[in-house]
Amino acid sequence: MEKAKKRRFGIIATIVLALAIVLGIAWAMQTAANNSKHQDTLTRVEKRGQIIWGVKADTKLFGLMNTKTATPEGFDIDMAKALTVQISKQTGVPMSASFVPVASASKIQLLKNTNIDGTISTMTITPERAKVVDYTQPYFDAGQSLLVKKDSGINSIQDMNDSKYTVLVVVGTTAAQMTKQFAPKAHVIALQDYASAMQALKAGQGQAMSTDNAILYGFATENPDYHLVGGVFTKAPYGIAFDHDQKPMVDQTNRALDTLKKNGIYNQLIKKWFSNVPGLDWHELEVKS
Amino acid sequence: MVTLGIFDAFNGDNVNYLLGGLGITVGVSIISVILSLLAGSIIGIIQFEKIPYFSTFVATINNIIRNLPLLLIIFFVYFALPRLGVHLPIFWATVIAMSTFESAMLAEIVRGGLESVDRGQFEGARANGLTNGQTMFYIVLPQAYKKMIPPIISQLISLVKDTSLASGIVLAELTYRGQIVYAQNTTYIVPILVVLTLVYFLLNYGLSLIAKWFDRHLA
Amino acid sequence: MTLLQHYWPVFIQGFGYTLLASFIALVGSLILGTLFAIMQVSSMKWARVFGDVYVQIFRNIPLLIITLFLYLAVAKVIKMTGFMAGTIGLMLYTSAFVAESVRAGILSIDNGQMEGARANGLSFNQAMRYIVLPQAFRVALPSLGNQFINLVKNSSILAFVGGLDLMYQGNMVAATSFDTFTTYIIIGVFYLVITLPLSYYIQYLERHLKRKA
């Protein structure tokens, strides 16, 4: 009797749990389908009164964590703040900017998942990415370059085209894909973030680190033994990205970007962050009126 | 820029920042261990009760979770679940991932603890007129938990260590904050790693001493 | 499924590196762990202290920190790739847990056996090697097995240092295909292919040993 009861309970409980799992999955897929439907970013940020920007926290000049205030600082951060102020003016809705540190590998995921509203994080505009996210006009002209030790004898990416060399890159950056095209024989190792890649370069894990010149300048400033070589071998303009199909938000941001370029705020920020970088002609970065 | 002395790595701001990271590490660990103790107990009891079909079914799911890398579960919860409409802030995503994984681990400990309780206790309690549930809650579980304290503390140690994996999804815990500090200046790397090692060691060694004390006094 | 087809060679390469790292670390940690276990039960004080300190240190710090240390700091002196750093880190970390399991195994063997063997003219090392250790391993087998499952799972740490393993490749695929959901499920299945059979075999062993006892 006791046993039969336990058995019956077991069978029922198993069926209930199995059903719950199956229904749970079905419900999850349904929700996923609903969620993939259009959700307007501009409406969302206006309602919230806040734009959540995904930014870098480990990249000198663009976004580096200030441990005193526990907030990131850099050109990207200041741009995001200025853009938020400008968008507030345009829409007449007061909005504040808040920042979430992202890694190169995770920013698109976070955008799609609406953990962040937009990202301004040294992100190169590529046709491949433009299929999944919406970009604004470029806000910074960067290009891929190479950072090597001064006595390494390496002068360009072509010099690296040898299986004895290793190029260090960061997961999810365009450099991770482009390096193979320019130096097919070299090994390419991708690290989690720029700080680790720089550490790895110093530890001799590779002979060169490759990413956008602007980021490499930041590292060259701090490590006088290292310098950039071979100039820029790809064009890598940075764009501000939003989720796919967010025309209203992109239009607002483009308008704000234009205004900042015209009223001189953009040039002020360029001067603030790039005028002290050795080897970089920061006047070239300014917008000419 | 001049190369700074290694002690600059530990100026007041950086130390405060790192301490905040330690707080998050400890917070995630404690919340996760409590949640997984609850869930793990339920799963453990189900496995122990040997209910036909049901126990096997639950055990199979438990085995699958137990045999996946925690790092994968963390990435899954943070990057993949939102696709299903489940949005979690990074702190809670980590807690959920760690709790899911640890529940599966603790379920095994609970089952083992229950099996170590003398069968005669069940029969004695039942003979005294207690129901199945009462026997479990008032007689068997308290004894089993007493025996389980040391292994539960070692799971807590694993948890503290494993929170470092959440630096992979940019949770601002101790390891990630260490990485941020050595992003300021690359000469900081060795001192920072040494200090992180020390902090984790002291925290976990302390916990392991507590486990040993319980082991000696409760056995 | 197109994802699986498209990235099949990448997944297989990652799977291969995960297997290789796990295998090297398994053999290494078994040897190291046994050595430290013997030190912990030896009659020489310095050996006991050394063994204890080693085990306590490596049990109580995160594997990620050990691996980062090897990859970013030690590599400045001794050259090593991310794969090597990850594998060595994995080996050092696991050996502390192996030492614990083996030590418990040795302690479970009746002391009389050691004394009997010594009385019959065997040295400590001989008695350890031929009499005590074989029995200790049999007792420690299930717990060792669990350590090896942990080892396979922990090999995902290689992803942090560009170790080319399954998790690393999974992150790369997720970052290029943007299909995180499917990618991580595929990666999970690959891990389960290694760990799940091992886990069931250990459960079988445990039951088997219990019945014998």
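Visitor: At what angle do helix α2 and helix α9 of chain C cross?
Guide: This is a predicted model, where local features need pLDDT of at least 70, side-chain atom pairs count only at pLDDT 80 or more, and totals for chains, interfaces and linings use all residues. Residues are numbered from 1 along each chain as its sequence is written, chains are lettered from A and ligands numbered from 1 in the order in which they are written, and side-chain values use heavy atoms, without hydrogens and water. Helix α2 (residues 8-41) and helix α9 (residues 180-212) of chain C have axes that come within 11 Å; axes are lines fitted to C-alpha atoms, for helices over the stretch in contact, with angles from 0 to 180 degrees between N-to-C directions. They cross at roughly 40°.

Visitor: Is α2(C) parallel or oblique to α9(C)?
Guide: Angles under 35 degrees count as roughly parallel, over 145 as roughly antiparallel, 65 to 115 as roughly perpendicular and the rest as oblique. The crossing angle here is roughly 40°. That makes the pair oblique.

Visitor: Which residues of α9(C) make the contact with α2(C)?
Guide: Contact means heavy atoms within 4.5 Å. From α2(C) come C:Trp8, C:Phe11, C:Ile12, C:Phe15, C:Thr18 and C:Leu19. By class, this contact has 11 nonpolar, 2 polar and no charged residues (Ala, Val, Leu, Ile, Met, Phe, Trp, Tyr, Cys and Pro count as nonpolar, Asp, Glu, Lys and Arg as charged, the others, Gly among them, as polar). On the α9(C) side are C:Thr183, C:Ile186, C:Ile187, C:Phe190, C:Tyr191, C:Val193 and C:Ile194.

Visitor: Is the crossing of α6(C) and α7(C) left-handed or right-handed?
Guide: Helix α6 (residues 111-119) and helix α7 (residues 124-154) of chain C cross at roughly 140°, with axes within 9 Å. A crossing is left-handed if the near helix is turned anticlockwise from the far one by less than a right angle, and right-handed if clockwise. For α6(C) and α7(C) the crossing is right-handed.

Visitor: How many charged residues does the contact of α6(C) with α7(C) have?
Guide: α6(C) brings C:Gln113, C:Met114, C:Ala117 and C:Arg118. Among the α7(C) residues are C:Phe124, C:Met128 and C:Gln135. The classes are 7 nonpolar, 2 polar and, for charged, 1.

Visitor: How far apart are the axes of α1(B) and α4(B)?
Guide: Helix α1 (residues 12-49) and helix α4 (residues 90-115) of chain B pack at about 40°. That makes them oblique. Their contact divides into 18 nonpolar, 10 polar and 4 charged residues. The axes are apart by 5 Å.

Visitor: What area is buried between chain B and chain C?
Guide: Buried area is the accessible area (1.4 Å probe) that two parts lose on being put together, summed over both. Chain B gives 39 residues to the contact and chain C 39. B:Asn67, B:Leu72 and B:Lys161 supply 18% of the area that chain B buries here, more than any other three residues. Carbon and sulfur atoms give 68% of the total, which is about 3,300 Å².

Visitor: Which residues form the salt bridge between chain A and chain B?
Guide: A salt bridge is a side-chain nitrogen of Lys or Arg within 4 Å of a carboxyl oxygen of Asp or Glu. The count between chain A and chain B is 1, whereas the rule finds 0 across the interface of chain B and chain C. The N to O distance is 3.8 Å, and the partners are A:Lys6 and B:Glu49.

Visitor: How many residues apart in sequence are A:Lys60 and A:Glu222?
Guide: These two form a salt bridge, with closest N and O atoms 3.0 Å apart. A:Lys60 lies in the loop between β2 (58-59) and β3 (63-66) of chain A, and A:Glu222 in helix α8 (residues 213-222) of that chain. So the pair ties together parts whose separation in sequence is 162 residues.

Methods
Helix = DSSP H or I, 4+ residues; strand = E, 2+ residues; numbered from the N terminus.
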